[in-house]
Amino acid sequence: MSPTRPRRKSGSGGDAGLVRDATHGVEPHSAGWTYLSFRIVHRAAGEDFSGQTGDEETALIWLGGIAEVDGVGEVGERADVFSGLPSALLLPPGSSYRLRARTALELAVVSAPANADSRPRLIRPADIAVEMRGKGVTERRIHWILSEKDPAARLMLVEVLTPAGHWSTYPPHKHDEDKDGVERALEELYYYRFKPEQGFAFQGIYTKNRDLNVSIRARNGDLVLVPRGYHVVSAAPGYDCYYLNAMAGAVREWLFTTDPDHEWLMDWKKS
């Protein structure tokens, strides 16, 4: 299956959905939003990958494998998303890039329109901020690739590893309105992987008045779009869950509102 548009779920209000083939990914016009583009790139050892950022800030995120990057050198340390910390290359608008895979290589390519004048930046595993969040069955491991505190024009990027049977993105929260000091409107997407690969998680996306109220069974390689509404994830027992989060909005600030019904369950602080 290789759709070029996100699959819409019944009752979604037409703006929350699932792309089965993340290799084809999404762009703003196909996602129905303003900023985020995303795709997955695979290369065999010896194959090249190159491109230009145009008018967008672009991040190449090493999900697994090693590559030789022109002007940078060898990048990548982990075999897959469950076996170490990521590397990433952040590129400003007007940049070009070229790399050659040394091993089987999997990259996530995330971009958003930007006009910042900055230099390319390599983010190595030693630069990743690691955080444990939640407790008990809500405990999960956070890998900050690009937080709001890090220099960038538009993107925020984070990996979350949720143990089998645990909940994540919990308590449910939203970030679809601009309220200074309270909440920022941020488009968000989730790219999922599971161990073992036949695993799955449920992702809920809903609004207070339930004009958007969906439950998606996300499987290995699925891409879930969250343009608005409260959202939450539950990993199936027996299957460790990984997802890569990308966020972007008019203001690069991670401020969210927790669902008031479940705010009493908040057991972690925003870092």
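Predicted model: local features only at pLDDT ≥ 70, side-chain atom pairs only at ≥ 80, totals over all residues.
Which residues does Gln203 touch, not counting residues up to four places away in sequence?

Gln203 belongs to strand S17, which spans residues 200-206. With a relative accessibility of 0%, Gln203 counts as buried, because the buried class covers values under 20%. Leaving aside residues up to four places away in sequence, Gln203 touches Tyr190, Tyr192, Val214, Ser215, Ile216, Val224, Val226, His231, Val232 and Val233.

One of these neighbours, Tyr192, also has a polar link to Gln203: the two side chains are joined by a polar contact of 2.5 Å.

## The five-stranded open sheet

Strand S17 is part of an open sheet of five strands, arranged in the order S18-S17-S20-S15-S22 with antiparallel pairing. The edges are formed by strand S18 (213-219) and strand S22 (257-258), each of which pairs on one side only.

Strand S22 is joined to strand S15 (residues 167-174) by two bridges, and these two strands run antiparallel. Within this pairing, His173 stands opposite Thr258 of S22.

## Strand S10 and its two partners

Strand S10 covers residues 105-113. Eight of its nine residues are buried, so S10 is largely enclosed by the rest of the structure.

Strand S10 pairs with strand S3 (residues 37-43) through seven bridges, in an antiparallel arrangement. In this pairing, Arg43 has Leu105 of S10 as its bridge partner. Strand S5 (residues 56-64) is also antiparallel to S10, and eight bridges join the two. Here the bridge partner of Glu56 is Pro113 in S10.

## The salt bridge between Arg98 and Asp48

The whole structure contains 15 salt bridges. One of them links Arg98 with Asp48, whose closest N and O atoms are 2.9 Å apart. Arg98 lies in strand S9 (residues 96-101) and Asp48 in strand S4 (residues 48-52), so this pair ties together parts that are 50 residues apart in sequence.

Both ends of the bridge have some accessible area. Arg98 is partly exposed at a relative accessible area of 35%, and Asp48 is likewise partly exposed at 30%.

Which residue meets Arg184 in a salt bridge of 2.9 Å, N to O? The partner is Glu253, through its side chain. Glu253 lies in the loop between strand S21 (240-248) and S22, while Arg184 lies in the loop between S15 and strand S16 (187-195); the pair therefore ties together parts that are 69 residues apart in sequence. Glu253 counts as partly exposed, at 25% relative accessibility.

Arg184 also forms a salt bridge with Asp178, where the closest N and O atoms are 3.7 Å apart. Is Arg184 itself buried or exposed? Arg184 is buried, with a relative accessible area of 11%, whereas Asp178 is partly exposed, with a value of 45%.

## A salt-bridge network

What joins Lys174, Asp176, Glu177, Lys179 and Glu183 into one network? Salt bridges that share partners connect these five residues. One of them, Lys174, falls within the residue range of strand S15, 167-174.

Notes. Residues numbered from 1 in each chain as written. Heavy atoms only, no water. Buried < 20%, exposed > 50% of the residue type's maximum accessible area, 1.4 Å probe, protein only. Helix = DSSP H or I, 4+ residues; strand = E, 2+ residues; numbered from the N terminus. Pairing = 2+ DSSP bridges. Salt bridge = Lys/Arg side-chain N within 4 Å of Asp/Glu carboxyl O. Polar contact = N/O pair within 3.5 Å; in protein donor to acceptor, adjacent residues only side chain to side chain. Contact = heavy atoms within 4.5 Å.
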